[in-house]
Amino acid sequence: MSLRGVAAIVGVGELKPTTNPEGMTTLGMAARVTSQALNDAGLKITDIDGLLVAPDTIESPLMWGGLVAEYLGIRANYVDIVDLGGATAAAMVWRAAAAIKAGICHTVLCITSDLWDVDRFYNNFVHRLSTEAQYELPYGPMGVNSGYAMIARRHMHLYGTTPEQLAKVAVDQRINACHNPDALYGDKPLTIEDVLSSPLVADPLHLLEIVRPCSGASAVIVTGRERAADCASKPVYLLGAGEHVTHSSIIYSPDITTSPIKQSAGRAFAMAGLTPGDMDLLSLYDCYTITVIISLEDAGFCAKGEGGPFVEHNDLTFRGNLPCNTHGGQLSWGQPGLAGGMSHVTEAVRQLRGNCGDRQVRNARLALVNGNGGVMSDEVTLILGREVY
Amino acid sequence: MRRPFLPTTPVSEPYWSYLQRDELWLPRCKSCSRLVFYPREICPYCSGLEFTWEQMSGQGQVYTYTVIRRPFLQEFATMAPYVFAIVELQEGIRMATNIVNCSPDDVYIGIRVQAVFEADDSGRKLILFEPA
């Protein structure tokens with residue numbers, strides 16, 4: 001079943017990420033982004049008949065979808081929870097389109113809303129829930145940091161990727177953040193020196209190569225192509241989608257320096273009938289600098305192992321030859337839990353609509369969005385377009 | 001220090017029991033003959049359900065690693081900085097471990113290592129690796 005041109009994103013809502021969520025609740029933030037997305041689309045809550053939610057990573061109540069539907073006043077014909085970590089948001093978009101194509105529902109609200117508590121998350125949740133963690137936890141991993149650090153170390157060993165090349169990703173994205181008033185870290189540009197002189201958190205990754213967890217929420221509304229034409233906003237069409245999951249813990253990854261984006265992007269490009277060279281901008285999940293470099297390689301923007309020199313010699317800023325993460329990426333915009341993944345969707349939509357003000361990419365027609373969950377384990381790639389090309 | 005051990009299951013129990021005797025044993029799938037780590041109820045390569053346990057050499061090399069300086073887990077505060085690594089056994093299996101009995105600066109990808117079996121303050125042993 002192809003989803004090419006079946007559905008469009010017609011509404012976007014997003015809160016500015018915050019490190020001080022005092023008084024905020026997951027449901028409350030979900031409500032605010034829902035209101036924004038409805039206004040953006042010119043829709044009412046009664047127009048929504050499908051709901052996709054991300055798991056609440058801190059509270060994880062049972063039957064969270066039903067609670068969100070009740071709170072917002074949605075009478076839903078389709079409710080589900082999507083649990084693919086950083087790939088959750090992108091995964092919601094194609095699931096919404098598939099449900100619409102199947103005739104199960106016609107308009108789907110997709111919400112990510114996260115109140116972040118890093119200690120609770122790592123001590124109570126990530127490491128201790130799975131019985132399979134018994135082979136890893138006694139050695140003192142450092143959450144996902146140690147996983148990505150080990151990926152970066154081996155990539156440097158195999159391909160000669162340098163710390164400066166890794167740092168360049170954070171530097172370029174910071175320039176983008178400096179043109180986005182909603183970025184958590186958009187006050188001043190960074191230099192490669194700044195990145196490399198920040199503390200080594202997990203060798204070889206420095207503090208400024210690692211996302212800053214925070215709190216926030218984002219939502220999008222997906223509807224069928226015909227209904228999209230009647231919405232208040234300019235529709236952004238889903239042209240291709242692909243998903244691939246290979247492991248949970250990086251210890252058991254089939255190949256630690258190769259991302260399943262290889263398969264997910266391959267499938268997305270095939271569905272869209274497009275190639276990497278057709279893309280006007282990229283919105284690549286960037287939990288760490290190394291993630292962007294490997295994603296560029298395995299999605300086909302450069303040869304395997306060439307990601308380091310590629311980012312060194314290309315301009316990833318909004319005014320560059322290959323604009324990437326024009327909102328600043330999660331490295332500079334912030335990582336409000338699973339809403340961090342949604343920010344790659346919302347930014348691509350805003351760019352394709354031409355709504356990005358100072359950081360607008362000229363004549364942006366086609367965007368690649370990637371969601372990356374776990375430790376380079378869960379990948380979802382979307383191709384979005386201003387028209388159905 | 002006390003390491004954060006998790007409860008074992010009937011499937012994982014042989015693995016941990018052998019470690020208490022300073023031996024590393026892993027399950028081999030009876031139908032496709034591949035070694036499987038970690039132990040589970042089904043072979044992830046062929047869906048086979050029966051395994052035989054086999055002793056490993058304890059020899060391997062560092063596949064990749066990181067040096068942890070600011071542990072998330074309280075238990076490791078006194079151990080930092082320490083090496084969290086993936087070791088590839090001679091038999092081809094990769095596993096998480098710590099590289100011990102050397103400075104973190106001595107570790108590199110490809111360094112040959114051998115198993116050491118070490119108890120934490122609770123008396124329970126696990127497998128670590130040191131330069132060979």
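Reader: How far apart do the C-alpha centres of domain 1 of chain B and domain 2 of chain B lie?
Author: This is a predicted model, in which local features need pLDDT of at least 70 and side-chain atom pairs count only at pLDDT 80 or more, while totals for chains, interfaces and linings use all residues. Residues are numbered from 1 along each chain as its sequence is written, and chains are lettered from A and ligands numbered from 1 in the order in which they are written. The domain assignment of chain B gives domain 1 as 8-55 and domain 2 as 57-132, with bounds that come from an automatic or database domain assignment. Between the C-alpha centres of these two domains of chain B the separation is 21 Å.

Reader: In chain A, which element gives the most to the side of domain 1 that touches domain 2?
Author: Domain 1 of chain A covers 7-119 + 214-235, and domain 2 covers 144-210 + 241-384. The contact joins 29 residues of domain 1 of chain A to 32 residues of domain 2 of chain A. At least two residues each come from β1 (7-14), α3 (88-101), β4 (107-114) and β7 (216-224) of chain A, where helices (H or I, at least four residues) and strands (E, at least two) are DSSP runs, numbered from the N terminus. The element that gives the most, with six residues, is α3(A).

Terms used:
Contact = placed C-beta atoms within 7 Å.
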